[in-house]
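Here's a quick briefing to read with the structure open. Have a look at the fold, then work through the topics below.

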Amino acid sequence: MRWRCQACAATTNSRVDSKAREIAMLIDFVTEKRTLAEFAGGGRTLQRRLARAWEYWPVAPAVDEVHHVVHVDGLYLAHRCVLLIAMSSRHVLAWHLARSERASSWADLLAKIAPPDVVITDGGSGFVKACRTQWPNTRIQRCLSHIQANVRSRTTSRPRHQAGVELYALAKALTHIRTQDEQTAWLDHYTRWCQKWKMTLAEKTRLADGRIVNTHERLVAARNLINRRVKAGDMFTYLDPHLHMDGEPIPATNNRIEGLNSQLRAMLRTHRGWPLLRQIKACMWWCYQHTSNPRPASELTTLMPTDTQIHELYQQTAQHQAETNQARQQHWGQAITWADLTWSTNTLKAINE
């Protein structure tokens, strides 16, 4: 673009940062609800203009601020990997791509964030172990809605046995507890339920193959689930008055981050058909835009790494391991490696089939 001074007639040229403009277009495309088919020409022009922008990887910013409450959860993509996300009551804090919700994967996510006072989780496998390592002084609040749903999955919403009817009623009452007196009353009611149905739940049945199992196996599983939570003491953390800050109550559920995950799933449904790599990057771009201070597109071209840069780093690491005669092992549950996201043509054909 050329500029001309009206006074001295001097001219100068201004370069247009096309990469920054393309990244801005990609972010708008990911966050809005229009599909490619709704753009002029079926979106083919837009696809060509976004090709370079798709090469960038959104990186979570450093989080040195201490938050009172942090929500964590995992979003599975194509049943092949999981995006672990942490957020405060208002903003996304960090994310980490992994194969599964193992302790080592959660530890990588938690290491990026300053330890909060309380963390709210749905109880994904491996999280408690990682939390004890990375955030030893952080209190855990298990999402009561998830506990309620776990009990319902075992008793059903219309239990046939009276013990199941009463236990499901207790589970539904969990999300209505607001005071410590109500907590005490609920625990007393649950203790009396356990005593009342103790003999019934102890009944055994011999199967045709000779194995002996619990007659009311699903009820026993629901009871054991609640027993573990009561023993761990993480169901009613939100009622502890010492944890309340400026009169702000601690949430008893993980609904805040579940709402974020629902928006990500809606975005993936709108743009269904994307390959896994683009699904991952789209979710990361969406998360980046919902951080506390997302940088403008003009700065992202220098802040965010590209596929080529990550590939070079991966090759350097592999070469270093080969030179030191170390076996290059890829542990299931660790972060996704570059090789997992760059398949050969034959591998892609096999996946599509």
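This is a predicted model: local features need pLDDT of at least 70, side-chain atom pairs count only at pLDDT 80 or more; totals for chains, interfaces and linings use all residues.

- Helix α11 is mostly covered, with twelve of its 14 residues buried.
- The buried set in α11 runs through Leu276 and Leu277, then Gln279, Ile280, Lys281, Ala282, Cys283, Met284, Trp285, Trp286, Cys287 and Tyr288.
- Helix α7 covers residues 180–196, which makes 17 residues. From its first C-alpha to its last, α7 reaches 24 Å, close to the 24 Å expected at 1.5 Å a residue.
- In α7 the buried residues are Gln183, Trp186, Tyr190, Trp193 and Cys194. They sit on the same side of α7 because they cover an arc of only 100° around the axis.
- As a reminder, an α-helix has 3.6 residues a turn, so residues three or four places apart point the same way.
- Turn to the other side of α7 and you'll find Asp181, Thr184, Gln195 and Lys196 exposed.

**Cysteines**

- How many disulfides does a search of the whole structure find? The count is zero.
- Cysteine 283 is in no disulfide, and the nearest cysteine sulfur to its own is that of cysteine 287, 6.7 Å away.
- Is cysteine 283 buried or exposed? Its relative accessible area is 0%, so cysteine 283 is buried.
- Cysteine 287 counts as buried too, at 0% relative accessibility.

**Cavity and pocket**

- There is one cavity of 30 Å³ or more. The largest cavity has a volume of about 40 Å³.
- Which residues line the largest cavity? They are Phe29, Leu36, Gln47, Leu50, Trp54, Trp274 and Arg278.
- By class, that cavity lining has five nonpolar residues, one polar and one charged.
- The second largest pocket holds about 380 Å³ of space.
- Its lining takes in 21 residues, and Pro61, Ala62, Thr291, Ser292 and Asn293 lie nearest the centre of the pocket.
- The lining of the second largest pocket splits into ten nonpolar, seven polar and four charged residues.

**Contacts across the sequence**

- Phenylalanine 29, one of the residues lining the largest cavity, belongs to helix α1 (residues 18–31). With a relative accessible area of 4%, phenylalanine 29 is buried.
- Along the chain, phenylalanine 29 and alanine 282 are 253 residues apart, yet their C-alpha atoms are separated by 9.5 Å. Alanine 282 is among the buried residues of α11.
- Alanine 98 lies in strand β5 (residues 92–98) and is buried, with a relative accessible area of 0%.
- Valine 82 is 16 residues from alanine 98 along the chain, and the C-alpha atoms of the two are separated by 5.4 Å.
- Alanine 221 is part of helix α9 (residues 217–232) and is partly exposed, at a relative accessible area of 29%.
- The C-alpha atoms of alanine 221 and valine 151 are 8.5 Å apart in space, while the two residues are 70 apart in sequence.

**Positive phi angles**

- Most residues other than glycine have a negative phi.
- Histidine 79 isn't a glycine, but it has a positive phi of about 60°.
- Where does histidine 79 sit? Its place is in the loop between β3 (69–77) and β4 (81–87), and at 80% relative accessibility histidine 79 counts as exposed.
- Threonine 156 isn't a glycine either, and its phi is positive at about 70°.
- You'll find threonine 156 in the loop between α5 (144–155) and α6 (162–173). At 37% relative accessibility, threonine 156 counts as partly exposed.

Terms used
Residues are numbered from 1 along each chain as its sequence is written. Side-chain values use heavy atoms; hydrogens and water are left out. On a 1 Å grid over the protein atoms alone, a cavity is a set of points where a 1.4 Å probe fits but cannot get out, and a pocket is an open set with protein on both sides within 12 Å along at least five of seven lines; lining residues have an atom within 4 Å of a point. Grid points are joined across faces, edges and corners, and a volume is the space filled by probe spheres set on the points. Ala, Val, Leu, Ile, Met, Phe, Trp, Tyr, Cys and Pro count as nonpolar, Asp, Glu, Lys and Arg as charged, and the others, Gly among them, as polar. A disulfide is a pair of cysteine sulfur atoms within 2.5 Å. Buried means under 20% relative accessible area, exposed over 50%, partly exposed in between (1.4 Å probe, protein chains only). Helices (H or I, at least four residues) and strands (E, at least two) are DSSP runs, numbered from the N terminus. The expected span of a helix is 1.5 Å times one less than its number of residues. The arc is that of the directions from the helix axis to the C-beta atoms.
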